[in-house]
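Please look over the structure shown here before reading on. The briefing that follows takes a few places in turn and ends with the pockets.

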Amino acid sequence: MSKVIGLFPTPLLLKEKALDNQLVERLKRRALAGRKDSNAGTDLLSHTEMVDPDGDEVFRDVSAAVVDDIQKFGMLMFGDQLDWRVKEMWLNVLEHGGSQFMHTHANSFMSGIVYLTHQDASSRTLFQRQVGTGEFVFRHDGRDDMASDFTAERWVVPEVQPGDLVLYPSHLLHGVPPNQGQQRMTLALNAIPSRLKSFGYEIKFSR
């Protein structure tokens, strides 16, 4: 008898309808009305400024809606019931033809995406394994190769609906391929625990 064991898997949480329709509509209006900065890579993607949700009524409501999911996901990441807080949120508007290059989120441990509009199949969020190392790499790639949890280099978020939430470790590379559909809106967030400790040593995080 033999069995395959997924060694050190990376968690990712997908929660349907984390936000209700009313809150989604409030965020969409905010995304269109607020001051936006163009993305460094394309004018077809814009972002509102990063805001501490504690000082913003709409974003406070978002935090309240997702706090339980953040706590549960934090348990998966660190194995302890830590005190998590969302330190910043912002809104993204991606026009037809725009994309978001692969990136990670610095100075946070957990990141999230709330989808505010229907996503065209072409612009589903793409996660990718870390690219390259400091050493030589041998590869075996081909059209007929079987992709699995162990061999695949990319994973695409399945079809989502407005209000759905994805949480993931902030170090994961992710991006959005060129959008061939209608305007795409999302809310992004970064979260940190109040502290991390290890055998008598403790690091605290604060503003």
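## Asn179 and its surroundings

Asn179 touches Leu94, Glu95, His96, Gly97, Gly98, Asp120, Ser122, Ser123 and Arg184, leaving out residues up to four places away in sequence, where touching, or contact, means heavy atoms within 4.5 Å. This is a predicted model, in which local features need pLDDT of at least 70 and side-chain atom pairs count only at pLDDT 80 or more, while totals for chains, interfaces and linings use all residues. Residues are numbered from 1 along each chain as its sequence is written, and side-chain values use heavy atoms, with hydrogens and water left out.

- The loop between β10 (173–176) and β11 (184–193) is the place of Asn179; helices (H or I, at least four residues) and strands (E, at least two) are DSSP runs, numbered from the N terminus.
- Asn179 counts as buried because its relative accessibility is 0%; buried means under 20% relative accessible area, exposed over 50%, and partly exposed in between (1.4 Å probe, protein chains only).
- The side chains of Asn179 and Ser123 make a polar contact at 3.4 Å. A polar contact is a pair of N or O atoms within 3.5 Å; within protein, one must be able to donate a hydrogen and the other to accept it, and residues adjacent in sequence count only if both atoms are side-chain atoms.

## Nonpolar cores

- In the largest nonpolar core, which has 29 residues, those that touch the most other members are Leu19, Leu27, Phe59, Ile70, Leu167 and Leu187. Such a core is a set of buried Ala, Val, Leu, Ile, Met, Phe, Trp, Tyr and Cys residues joined through side-chain atoms within 4.5 Å.
- At least two residues of this core come from each of α1 (21–33), α2 (57–78), β4 (84–94), β6 (110–115), β9 (165–169) and β11, and α2 supplies the largest share, six residues.
- Leu187 touches Leu27, Phe59, Val62, Met89, Trp90, Leu91, Gly112, Ile113, Val114 and Leu116, not counting residues up to four places away in sequence.
- Another core, of eight residues, lies apart from the largest one, and its members include Ile113, Val157, Val166 and Tyr168.

- Gln128 lies in strand β7 (residues 126–128) and is buried, because its relative accessible area is 16%.
- Apart from neighbours within four places in sequence, Gln128 is in contact with Met102, Glu153, Arg154 and Leu173, and the side chain of Gln128 makes a polar contact with the side chain of Arg154 at 3.4 Å.
- Arg26, found in helix α1, is partly exposed, because its relative accessible area is 24%.
- Leaving aside neighbours within four places in sequence, Arg26 is in contact with Glu57, Val58 and Asp61, and a polar contact of 2.9 Å joins the side chains of Arg26 and Asp61.
- Arg26 and Leu116 stand 90 residues apart in sequence, and their C-alpha atoms are 9.9 Å apart in space.

## Positive phi values

- Lys17, in the loop between β1 (13–15) and α1, has a phi near 55°, a positive value in a residue other than glycine. With a relative accessible area of 47%, Lys17 is partly exposed.
- Asn107, in the loop between β5 and β6, has a phi near 60°, again a positive value in a residue other than glycine. Asn107 counts as exposed, at 69% relative accessibility.

- The largest pocket has a volume of about 710 Å³, and of the 21 residues that line it, Pro9, Thr10, Arg129, Asp149 and Trp155 are the closest to its centre.
- On a 1 Å grid over the protein atoms alone, a pocket is an open set of points where a 1.4 Å probe fits, with protein on both sides within 12 Å along at least five of seven lines, and lining residues have an atom within 4 Å of a point. Grid points are joined across faces, edges and corners, and a volume is the space filled by probe spheres set on the points.
- The second largest pocket has a volume of about 420 Å³, and of its 26 lining residues, Trp90, Asn92, Gln100, His103 and His105 are the closest to its centre.
- β11 gives the most to the lining of the second largest pocket, with five residues.
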